[in-house]
Amino acid sequence: MDTESTHSGYSHHSSRSRGSNRHSDRSRDRHKPRSRDGSSRSDRNVTITSPAPENTLLGEQNPTPADPQDDNWGETTTAVTGTSDHSLSQEDLVDFSKEETEGSVGKLGCQRFIPLALTLILGLLVLVTPLAFLVLPQLLWPEQLQACGTACEGLFLSLAFKLLILLLAGWALFLRPTRAALPRLVVFRALLGLLTLLLLLSYWLFYGVRILDSQDENYQGIVQFAVSLVDSLLFIHYLAVVLLELRQLQASFSLCVTRSTDGEIRHYNLGQLSIQRAALVILEHYYKDFPVHNPALLTAAKTRAAKHLAGLKVYNVDGPGSETVAGQSRAKMAAAARHRDTTHNELYYEEADYDRRVRKRKARLVVAVEEAFTHVRRLQEEEKKKPPGEVMDPREAAQAIFPSMARALQKYLRTTRQQHFHSMDSIQSHLTFCITNNMTPKAFLEKYLTAGPTLQYSRDSWQARQWTLVSEASVTSGLRDGTIFVLKSADFSLVVTAKAIPHIKLSEEFIHPKSHKFVLRLQSETSV
Amino acid sequence: MSYIPGQPVTAVVQRIEIQKIRDGDNLILGFSIGGGIDQDPSQNPFSEDKTDKGIYVTRVSEGGPAEVAGLRIGDKIMQVNGWDMTMVTHDQARKRLTKKNEDVVRLLVTRKSLEEAVRNSMMQPR
């Protein structure tokens, strides 16, 4: 491949022209095991600052800017632009055998159907094998077979029903539509597939050697052989149920999920899962629990931060040799501490003003909507005789009353910075929906007053479609106490921390029901 | 009969000697007591301080040895034959008064009027 020869040529050339420490860096990089968690590329993206050659070896970036200490960079730099997300490199080819996802939530790729195809093939084998066991003797040596009577018939019946149950159960457990594509293959599923394959192979082996070769005449034995195969397959299915479904039902970890931009925190209880499956569960909960991510609400904090940074400039008067990054930041912090800062005052008054504005707009909106709703009334049964010009279906009714509240609603949405979530069409269709279902104005307004969960909004305002799992431990390893992993999206990330639920030791104390005795506190008098 | 926590209790007391009378198998003294550290002090009608858990004389039978010896109703018993009665349970008090091998009990009792009498006598010009 092009890239490969380029790499080797470059490293060979530059090993002569660079210093020794650079060379050792690069050899260390090459021998680093290619860890395949889904975000290894982005991890390396983040950590590399200098030296420049490491970047081009991995082939991620465009040609890096010139290294100030190397004067003949024009001869040694190679423009490695071939390896981007869309082209293949050596690493990509290795990964085709595993299920790797780079696409967004809705993207279709043939990689998505590989597990489905494998499952179907295995299911077909499972269906065909016992039937083949039964049918082959009848085809190959029918004359020598002993006729077996009622025992065989009983076995046929049980075989048929067990096969039917197995197929139904397999369909219920394995052929559900996949909800996600995980970065690595699920260990348990692979294990079960291998186990099934192994079982089938060993049965075929025994069948071939003991029955086909020797042309066994005891047909009842053959039928019992087939029935035992189906029994074993049913037990493998039981094992699948336990491993895939039951094991994670008992909660043993409490996961704390924090959104990095606005600090929304949720807690979930999960059982023992691998990191990638736990990430999947958390993402599913994310769409229904977390309020939608609104970047417009974060601009205030950003402008404040920018003001802090821009407030002080550090000039170096001693010449280029004495400047260190740490010294600069310390000087900045000292100056900032002395500077009389009034930004907290501004923040306080700004927030008070904002609250007042929002409440004013909300009051106007509520009044406008209530007034609009009074203009529409459901047609009573006895009034069906009205002229058709006055009778409207819900859409027309919504369109009729919408203009009177449109302005107030739009102003309110602008003030709370939600206007990009709701288009006019969506507002009108929601109004139609509310009118059809006899909702009050308050019920209509609730959707706009509070930020709802992400699923409630249309797909383009989600801002969270493509997820990357960043983890220090391997993503197929199980959750442990103190596991931390990050789910990165384009604009924000979800930081997940796992804490084990403590082992609870419960002891018992027996109270005899007759042991509850009481005395009154009296002033008792005794005569002596 | 004031009580300062941590300080010894001081009171003006009267010495009363009661001869027990034999009544069948028992020796009786002719009065009733109430109080004790296991009792509810707020129900004591004779005490000034309603947290006082001492032993009080609640009834004196007519013509009995106690009345003859000078015990009055409402007296607080401080000592019986040298045994302290200010910090005893009700049952302990009863036991100390009704010991079978003693014929006579010497009590130290205190009452409000004693203190007033002493004060009056001290204030009177001689």
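**Stop 1**

Select Asp231(A). Asp231(A) counts as partly exposed because its relative accessible area is 26%. (Buried means under 20% relative accessible area, exposed over 50%, and partly exposed in between, with a 1.4 Å probe and protein chains only.) This is a predicted model: local features need pLDDT of at least 70, side-chain atom pairs count only at pLDDT 80 or more, and totals for chains, interfaces and linings use all residues. Residues are numbered from 1 along each chain as its sequence is written, chains are lettered from A and ligands numbered from 1 in the order in which they are written, and side-chain values use heavy atoms, with hydrogens and water left out.

Lys162(A) forms a salt bridge with Asp231(A), and their closest N and O atoms are 2.6 Å apart. (A salt bridge is a side-chain nitrogen of Lys or Arg within 4 Å of a carboxyl oxygen of Asp or Glu.) This pair links distant parts of the chain: Lys162(A) is in helix α8 (residues 150–174) of chain A and Asp231(A) in helix α10 (residues 219–246) of chain A, 69 residues apart. (Helices are DSSP runs of H or I with at least four residues, strands are runs of E with at least two, and both are numbered from the N terminus.) Lys162(A) is partly exposed, at 23% relative accessibility.

Move to chain B and select Arg106(B) and Glu17(B). Their side chains meet in a salt bridge of 3.2 Å, N to O. The pair links distant parts of the chain: Arg106(B) sits in strand β8 (residues 104–110) of chain B, Glu17(B) in strand β1 (residues 14–19) of chain B, 89 residues apart. Arg106(B) is partly exposed at 44% relative accessibility. Glu17(B) is partly exposed at 42%.

**Stop 2: a buried pair**

Select Asp52(B) and Lys76(B). Here the side chains meet in a salt bridge of 3.1 Å, N to O. Asp52(B) lies in the loop between β4 and β5 (55–60) of chain B and Lys76(B) in strand β6 (residues 76–80) of chain B, so the pair ties together parts 24 residues apart in sequence. Are these two buried or exposed? Asp52(B) is buried, with a relative accessible area of 14%. Lys76(B) is buried too, at 8%.

Next, pick Asp353(A), Arg356(A) and Arg357(A). Salt bridges that share partners join them into one network. Over all chains, the structure holds 15 salt bridges.

**Stop 3: chain A as a whole**

Color chain A by secondary structure. Chain A has 17 helices and six strands. Of its 528 residues, 29% are buried.

Zoom to Asn294(A). This residue is in the loop between α11 (275–289) and α12 (299–310) of chain A. Asn294(A) counts as buried because its relative accessibility is 8%. What does Asn294(A) touch, not counting residues up to four places away in sequence? The answer is Thr416(A), Arg417(A), Gln418(A), His420(A) and Phe421(A). (Contact means heavy atoms within 4.5 Å.) The side chains of Asn294(A) and His420(A) are joined by a polar contact of 3.3 Å. (A polar contact is a pair of N or O atoms within 3.5 Å; within protein, one must be able to donate a hydrogen and the other to accept it, and residues adjacent in sequence count only if both atoms are side-chain atoms.)

**Stop 4: where the chains meet**

Show both chains. Eight residues of chain A are in contact with 18 residues of chain B.

Select strand β6 (residues 525–527) of chain A and strand β4 (residues 31–35) of chain B. Three bridges join them, and they run antiparallel. (Two strands pair if DSSP finds at least two bridges between them.) Ser527(A) stands opposite Ser32(B). Glu525(A) stands opposite Gly34(B).

**Stop 5: strand β4 of chain B**

Stay on β4(B). Five of its five residues are buried. Phe31(B), Ile33(B) and Gly35(B) point one way, while Ser32(B) and Gly34(B) point the other way. In a regular strand the side chains alternate between the two faces of the sheet.

Five bridges join β4(B) to β5(B), and the two run antiparallel. Gly34(B) stands opposite Tyr56(B) in β5(B).
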